[in-house]
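Reader: I would like to go through this model and ask what stands behind each label. Please show it to me.

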Amino acid sequence: VLLILDEVGPATPFTRVWCCFEEAVIVLNLGSRQAATPLLLDIAAVADGSPQMLTGGLVQEETEIEKKHQKHPWEPSGWNYKSRREAAFPVAMIQKGLSIDIAKAEA
């Protein structure tokens, strides 16, 4: 599931009832009880004109790097690449999500 955060609200999906419901289904793992694999949540935003993304796991390039790291531990880790990639994500938008008040959410 991809959650796209805007700069206008900012982070409008954290203020909408239906979006909060969908976010809860993912975070609480309610949607995958019948599925073999859990649903993942990726979060996208723009910071300083550049797209940024938090992912539920490694992206394809990071996965390939991690595979090499598993065979040769002295090689860089895909998880290190992920950490550096996600460091530029706008923290203020995530803080908005951490302070959701569902009682104040809009339709």
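This is a predicted model: local features need pLDDT of at least 70, side-chain atom pairs count only at pLDDT 80 or more; totals for chains, interfaces and linings use all residues.

Reader: What makes Glu-64 and Lys-67 a salt bridge?

Author: The N to O distance between their side chains is 3.6 Å. The limit is 4 Å, from a nitrogen of Lys or Arg to a carboxyl oxygen of Asp or Glu, so the pair qualifies. Both residues lie in helix H2, three residues apart, about one turn of the helix. Glu-64 is partly exposed, at 39% relative accessible area.

Reader: How many salt bridges does this rule give?

Author: The count comes to six. One of them joins Glu-62 and Arg-85, at 2.6 Å, N to O. Glu-62 lies in helix H2 and Arg-85 in helix H3 (residues 78-86), so this pair ties together parts that are 23 residues apart in sequence.

Reader: What else is the contact between Glu-62 and Arg-85 called?

Author: Their side chains also make a polar contact, at 2.6 Å. The cut-off for that label is 3.5 Å, so 2.6 Å falls within it.

Reader: Is Glu-62 buried or exposed, and how do you know?

Author: Glu-62 has a relative accessible area of 4%. Buried means under 20%, so Glu-62 is buried. Arg-85 has 23%, so Arg-85 counts as partly exposed.

Reader: Which residue other than Glu-62 forms a salt bridge with Arg-85?

Author: Glu-86 does, at 3.8 Å, N to O. That is within 4 Å, so the salt bridge label holds. Glu-86 has 17% relative accessibility and counts as buried, because the limit is 20%.

Reader: Which residues are linked in a network of salt bridges?

Author: Glu-62, Lys-82, Arg-85 and Glu-86 are linked in this way.

Reader: On to the rings. How many aromatic pairs are found?

Author: A search of the whole structure finds one. Trp-18 and Phe-21 form it, and the pair is tilted.

Reader: Why is the pair of Trp-18 and Phe-21 called tilted?

Author: The ring centres are 5.1 Å apart, and the limit for a pair is 6.5 Å. The planes stand at 35°. Stacked needs under 30 degrees, and edge-to-face needs over 60.

Reader: What labels do Trp-18 and Phe-21 get for accessibility, and why?

Author: Trp-18 has 57% relative accessibility, over the 50% limit, so Trp-18 is exposed. Phe-21 has 44%, so Phe-21 is partly exposed.

Reader: What makes you say that the charged end of Arg-84 sits over the ring of Tyr-81?

Author: The charged end of Arg-84 is 4.7 Å from the ring centre. The distance limit is 6 Å, so 4.7 Å passes. The label also sets an angle limit, within 35 degrees of the ring normal.

Reader: Why does the phi of Asp-48 deserve a mention?

Author: Most residues other than glycine have a negative phi. Asp-48 has a positive phi of about 55° although it is not a glycine. Asp-48 is found in the loop between strand E2 (42-47) and E3. With 82% relative accessible area, over the 50% limit, Asp-48 is exposed.

Reader: What do we find in strand E3?

Author: Ser-50 is found there, and Met-53 lies in strand E3 (residues 50-54) too. Ser-50 has 33% relative accessibility, so Ser-50 counts as partly exposed. The C-alpha atoms of Ser-50 and Ala-88 are separated by 9.4 Å, although the residues are 38 apart along the chain.

Reader: How do you know that Met-53 can belong to a surface patch?

Author: A patch residue needs over 30% relative accessible area. Met-53 has 31%, so Met-53 passes that limit. Leu-2, Ile-4 and Met-53 form this nonpolar patch, with about 280 Å² of accessible area together.

Reader: And what is the overall pattern of the chain?

Author: Along the sequence, the pattern is β-α-β-β-α-α-α. That comes to four helices and three strands. Of the 107 residues, 29% count as buried.

Methods. Residues are numbered from 1 along each chain as its sequence is written. Side-chain values use heavy atoms; hydrogens and water are left out. Patches are made of residues with over 30% relative accessible area and no salt bridge: like charges are joined within 9 Å, nonpolar side chains (Val, Leu, Ile, Met, Phe, Trp, Tyr) within 5 Å. Accessible areas come from the Shrake-Rupley method with a 1.4 Å probe; for residues, only the protein chains shown count as cover. Helices (H or I, at least four residues) and strands (E, at least two) are DSSP runs, numbered from the N terminus. Buried means under 20% relative accessible area, exposed over 50%, partly exposed in between (1.4 Å probe, protein chains only). Rings of Phe, Tyr and Trp (its six-membered ring) pair if their centres lie within 6.5 Å; planes under 30 degrees apart count as stacked, over 60 as edge-to-face and the rest as tilted. A polar contact is a pair of N or O atoms within 3.5 Å; within protein, one must be able to donate a hydrogen and the other to accept it, and residues adjacent in sequence count only if both atoms are side-chain atoms.
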